[in-house]
Amino acid sequence: MDFDDTPEEAAFRAEARAWLDAHAIPKGHPDDFSDGLWSTAYDEDTYIERCRQWQRTLFEGGWAGITWPKEYGGRGLKPIHQVIFNQEQSRYGVSNGAFMISIGMAGPTILAHGTEEQKQRFLVPMLRGDELWCQLFSEPGAGSDLANLSTRAVRDGDGWVVTGQKLWTSSPERATWGMLLARTDPDVPKHKGISYFLLDMRSPGIEVRPLRQMTGEAHFSEVFLDGVRVPDENLLGAPGDGWRIAQTTLAAERGSIGGGRNMTPEMLIRHARRHGVANHPVVRQRIADAHIRFEVLRFLGYRMQTALSQGRTPGNEASIMKLAFARYMKALTETAIEVGGPHGMLASEEVGDEGIWVRRFLHAPSLRIAGGSDQVQANILGERALGLPPEPRPDKDVPYRELARGVR
Ligand SMILES: Cc1cc2nc3c(=O)[nH]c(=O)nc-3n(C[C@H](O)[C@H](O)[C@H](O)COP(=O)(O)OP(=O)(O)OC[C@H]3O[C@@H](n4cnc5c(N)ncnc54)[C@H](O)[C@@H]3O)c2cc1C
């Protein structure tokens, strides 16, 4: 592990800092939106709009898509430069978190697997913040076992007709485009008959039904697809190559979920002081635990950074980071709720900061599921990092049509 910037990285950091000083609002500014959807100070629409404005500022300043080739609006630099910029940006009251699925997941997938026409069509509007994307992967019965998906795409003239149901789709009602996995060949084993489409969310036949979470918000939805037409030009890669392409999207997703460092142990300490329990021995122990977990995250971050700096793609590092981050958030928010005493259970506006902690507490379990559950990350690490025997996969070579959920 190497903790220091190279001279070139240090120069880049200084340049980023100078630009951010001139263009970004500071933390604590009345319009600070760096807390993302954790905050109760603004609603989701306001957050997305502020992210959109900031994304445009980044684009115009030449700081959007730092690793993307220049011909698609990027800066043509290495992943380590993006990490450095993110580190610097996190010191300001700004965020482009609403574009995580677009720029963080759809963008790298199209860059890696798209045709020249697809890159020309989608990448610049994405970087400029004009178009939001959603991810239409999960289905009832196809989450951890994603390859089990049953949404069908059937060839029809110069395009495809898609029918099926997606589940847990984050913000599809705001998205203009969706990354869609659908089965195009049920006669081959489940991983082989999947194709990857770029779906225009304004197409006829798409119905979005919001699902309310225990936070009270409807962050994700069910999406019903009833005879939705997708032109051939919006197939990404070859028919049947969807599983391989989806790995690019999923790896990007894992890497991005573990990256947040907005919620610090200092916030918990301030909260404990407000309630006069900062010196309670049990609370002190829990704060120390949060601090240790946060430090572990910091060092895991260095590990990812080192891999990127050396030109490697973090794989296992991203899984470890995601696991550690989800566990940290659970521990931190549980302690905060306990520290709050009876008020800790209230989420109303009147109780100010208490409401924020309740929201964070109720949101934290979803981090252990989204982007691949804790157990699935542990399986990945068991197999790929520790070399343990793989899980038995008896259905791996069986044609999808012959499986329990297969199309008959
Ligand atoms: C906040 C949030 C946002 C999301 N956004 C999106 C989105 O935008 N687009 C999208 O496509 N999906 C999205 N998802 C869905 C997410 O990817 C799935 O929830 C996740 O992959 C788990 O799938 P599942 O819910 O079907 O659970 P299941 O796969 O049914 O798992 C149920 C339980 O069984 C365990 N389990 C399953 N298989 C194994 C195994 N082999 N070994 C050990 N344990 C196992 C799991 O860990 C879990 O505890 C989102 C989820 C959340 C929580």
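The residues of the shell around the ligand divide into seven nonpolar, 11 polar and one charged. In this predicted model, 19 residues surround the ligand. The closest are Phe137, Gly143, Ser144, Ser373 and Gln375. Three elements each supply at least two residues of this shell: strand S1 (133-136), strand S3 (159-170) and helix H11 (374-384).

Now place the ligand in the overall layout. The protein is divided into domain 1 (7-95), domain 2 (133-240) and domain 3 (258-372). Where does the ligand lie relative to domain 2 and domain 3? Both domains give residues to the shell, so the ligand lies between them. The C-alpha centres of domain 2 and domain 3 are 33 Å apart.

Helix H9 (residues 316-339) packs against H11 at an angle of about 145 degrees, and their axes are 10 Å apart. The crossing of H9 past H11 is left-handed. From H9, the contact uses Asn316, Ser319, Ile320, Lys322, Leu323 and Ala326. From H11, the partners are Asp374, Gln377, Ala378, Ile380, Leu381 and Arg384. By class, the contact of H9 with H11 has six nonpolar, three polar and three charged residues.

Next comes helix H8 (residues 281-309), starting with its partner H7 (residues 265-274). The axes of H7 and H8 come within 9 Å. They cross at roughly 165 degrees. How do the two helices run relative to each other, roughly parallel or roughly antiparallel? Angles over 145 degrees count as roughly antiparallel, and H7 and H8 are therefore roughly antiparallel to each other. H7 passes H8 in a right-handed crossing. On the H7 side, Pro265, Leu268, Ile269 and Ala272 make the contact. They meet Val283, Ile287, Ala290, His291 and Phe294 in H8. This contact holds eight nonpolar residues, one polar residue and no charged residues.

H8 has another partner, helix H3 (residues 79-89). The axes of H3 and H8 come within 7 Å and cross at roughly 145 degrees. Pro79, Ile80 and Val83 of H3 make this contact with Gln305, Leu308 and Ser309 of H8. Its residues are four nonpolar and two polar, with no charged ones.

Technical notes
Residues numbered from 1 in each chain as written. Predicted model: local features only at pLDDT ≥ 70, side-chain atom pairs only at ≥ 80, totals over all residues. Near = placed C-beta within 6 Å. Helix = DSSP H or I, 4+ residues; strand = E, 2+ residues; numbered from the N terminus. Nonpolar A, V, L, I, M, F, W, Y, C, P; charged D, E, K, R; others polar. Domains from an automatic or database assignment. Axes fitted to C-alpha atoms, helices over the stretch in contact; angles between N-to-C directions. Parallel < 35°, antiparallel > 145°, perpendicular 65-115°, else oblique. Left-handed = near helix turned anticlockwise from the far one by under 90°. Contact = placed C-beta atoms within 7 Å.
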